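The stops below can be selected one after another.

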Amino acid sequence: MSQRYDVVVVGGGHAGCEAAAAAARLGAQTALVTLRRAHIGRLSCNPAIGGLAKGHLVRELDALGGWMGRIADASTIQFRRLNTRKGLAVQSSRAQVDIELYPSRMAEALAGLERLEILEGEVSELQVLGDRISGVRLGDGRILSSPKVILTTGTFLAAVMHRGDARTSGGRIGDVAAHALARSLVGLGLRTGRLKTGTVPRLARDSVSWDRLEVQGDTFPEGRFSFAPPRPRLPQIACHLTYTNAAVHELIRQSLHRSPMWTGAIVGRGPRYCPSIEDKISRFPDRDRHLLFLEPEGLSSDRIYVNGLSTSLPTEIQDRMIRGIAGLEEARIVQHGYAVEYDFSDPTQLGHDLQHQDLPGLFLAGQVNGTSGYEEAAVQGFVAGVSAASGEVFHVERSRGYLGVLIDDLVTRGVGGEPYRMFTSRAEHRLLLREDNADRRLMPRGRALGLIDDVTWARFEARVEAIERAAALARATTITPTAAVIRRLEALEMGSLRKPITAADLLRRPQASWRTVWQLLDLPGFEPEVLEQVEIDLKYEGYVARAAQRAREAQRLESLQIPDPIDWHGLQGLSTEVRERLVRARPATLGQLSRLPGITPAAVHAIAAWLIQQRSTQR
């Protein structure tokens, strides 16, 4: 039996959900194939959305019309702002979400899409006609014909779960691995490798001595990801802190010979910046303790997630380890930690639309591309879904979004042998790419796609107009240094005043805020979010102007297109190693070429000179 679709999405994780939603909403008849319908949108590891740099991705996805931010807001049980003692460019949001509500609300949203059909089954083989993808074959023999297939298989390709000496086939607890599909990809010539991820023990809530633990502060109850109008919040919960100690560290050191990462049972490399507790103890032998976060998985769940304690040690060692930690002396583990080793596909085989360069119609998104994290997966799924449905490359430049940095890094540099994780330090133009301006940067793109509804767009336009009016008012309002004004300034700890200045100039002072300036001058009221944007824009105005100039200069480099095909071996002045890298990577622009590992500045200059010469002769 054969069914035909415009787009087939394989996998119901975060990448698959965003890909299927985007494709169906853009008018493509879409099939989402998942092993288990009940596991759509499942939070396989930590019950949280966002985090450092990841919060930027969620805000950008929301601005473009993606769903993760809205679903997270509807499921949030704690919201925090991270890095608040640092500059705005590196501040990020993180939401603790209900582990049951988030996937159920995502599944409900998908079920409401007219052009989306959700199918249960295991995709065992990709179908190819000539040199193009033509569909997929399911394990039960069904064939889904489609000119566009998006693989979002997560950690399931040839996946093996490890816990001590025990090895089990599967991509996570309760789900089987995709061995047949992994063989199909290799047979089609995709370059694959092995990576590793892990998860932590979960504890029974009633077995924790909460009165012995420190409550995590600095919450932000009114925080949210989405630009959509605020909705009533779920009850908010507290997370707690505890620490490992010297005795626990010694137990782990004595048990390393039973860890599959040390015995050689795991060959794939794990994420450097989200290490297992075994890694932490080995890499930082001088640390006498490591911070742990006890995070409830949901309002109705009795399970506690021990963030910071990822491990694949045997169960009896995990039991002893947990009970050696303050506040957990009587704790019961309801699910032990484990590691997952899985196949990934080298993302340098893809274009910026995440389409395979040698197999048109095949798109790959999410952890199958070697990334880590729900957020990185979701934005990849969105890009693949939009590109597949529209038939055009959906591309966000590095200077316009973190998602542009992420995808450009993947297709240009690859993952470097370990799971790729987004950081603010990866963005050259991060002062331009703040969380707070994600809507102004990208919502017009989402509207042009047709993924931003009229109500949201009208609200956005009103917000932008209000920001412009408030900024104009601040620039036009003059403050005269009378004795009364000086006394009020000093009382508000905003310094003194020697000559008349505008409210905008006053707002630029580090100690000034929109609240104090508006209070001082008794100016007309605006929404707090509007005035916060005005303050940010004015305080960072000079820095942003310089950053924008650097971005324009970088864009000139990007604009030099490299013809395809090109005979790299025929170009003079390049080493054999550089030629081989260029043949393999196939960069589309000089900017992409300059970011390839191993490409020297001399090679970039030689190629730039050749490209400029070619353009001048063509004229």
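Is aspartate 206 buried or exposed? Select it in this predicted model: aspartate 206 is exposed, with a relative accessible area of 65%. Arginine 332 is partly exposed, at 42% relative accessible area.

Next, select aspartate 346 and arginine 191, which form a salt bridge of 3.1 Å, N to O. This pair also links distant parts of the chain, 155 residues apart: the loop between strand 21 (339–345) and strand 22 (362–364) holds aspartate 346, and the loop between helix 5 (179–187) and strand 14 (192–198) holds arginine 191. Arginine 191 is partly exposed at 36% relative accessibility.

The whole structure has 38 salt bridges. To see a network of them, select Arg398, Asp408, Asp409, Arg413, Glu428 and Arg595.

Move to aspartate 62 in helix 2 (residues 54–64). Aspartate 62 is buried yet has no salt bridge, and the nearest side chain of opposite charge, arginine 70, is 4.1 Å away. Beyond its neighbours within four places in sequence, aspartate 62 is in contact with Arg70, Phe225, Ser226, Phe227 and Ile452. Two of these contacts lead to the next selections. Phe225 forms one aromatic cluster with Phe79 and Phe220. Phenylalanine 227 has the charged end of arginine 459 over its ring, 4.9 Å from the centre. For another such arrangement, select arginine 426, which lies over the face of tyrosine 420 at 4.0 Å from the ring centre.

Aromatic pairs come next; the whole structure has 7. One of them is phenylalanine 382 with phenylalanine 394, edge-to-face at 6.0 Å centre to centre and 80° between the planes. Phenylalanine 382 lies in helix 10 (residues 374–390) and phenylalanine 394 in the loop between helix 10 and helix 11 (402–413), so the pair ties together parts 12 residues apart in sequence. Phenylalanine 382 is buried at 2% relative accessible area, and phenylalanine 394 is buried at 6%.

Finally, colour domain 3 (454–546) and domain 4 (559–618). Their C-alpha centres lie 48 Å apart.

Methods
Residues are numbered from 1 along each chain as its sequence is written. This is a predicted model: local features need pLDDT of at least 70, side-chain atom pairs count only at pLDDT 80 or more; totals for chains, interfaces and linings use all residues. Side-chain values use heavy atoms; hydrogens and water are left out. Helices (H or I, at least four residues) and strands (E, at least two) are DSSP runs, numbered from the N terminus. Buried means under 20% relative accessible area, exposed over 50%, partly exposed in between (1.4 Å probe, protein chains only). Lys and Arg count as positive and Asp and Glu as negative; His and the chain ends are not counted. A salt bridge is a side-chain nitrogen of Lys or Arg within 4 Å of a carboxyl oxygen of Asp or Glu. Contact means heavy atoms within 4.5 Å. Domain bounds come from an automatic or database domain assignment. Rings of Phe, Tyr and Trp (its six-membered ring) pair if their centres lie within 6.5 Å; planes under 30 degrees apart count as stacked, over 60 as edge-to-face and the rest as tilted. A charge sits over a ring if NZ of Lys or CZ of Arg is within 6 Å of the ring centre and within 35 degrees of the ring normal.
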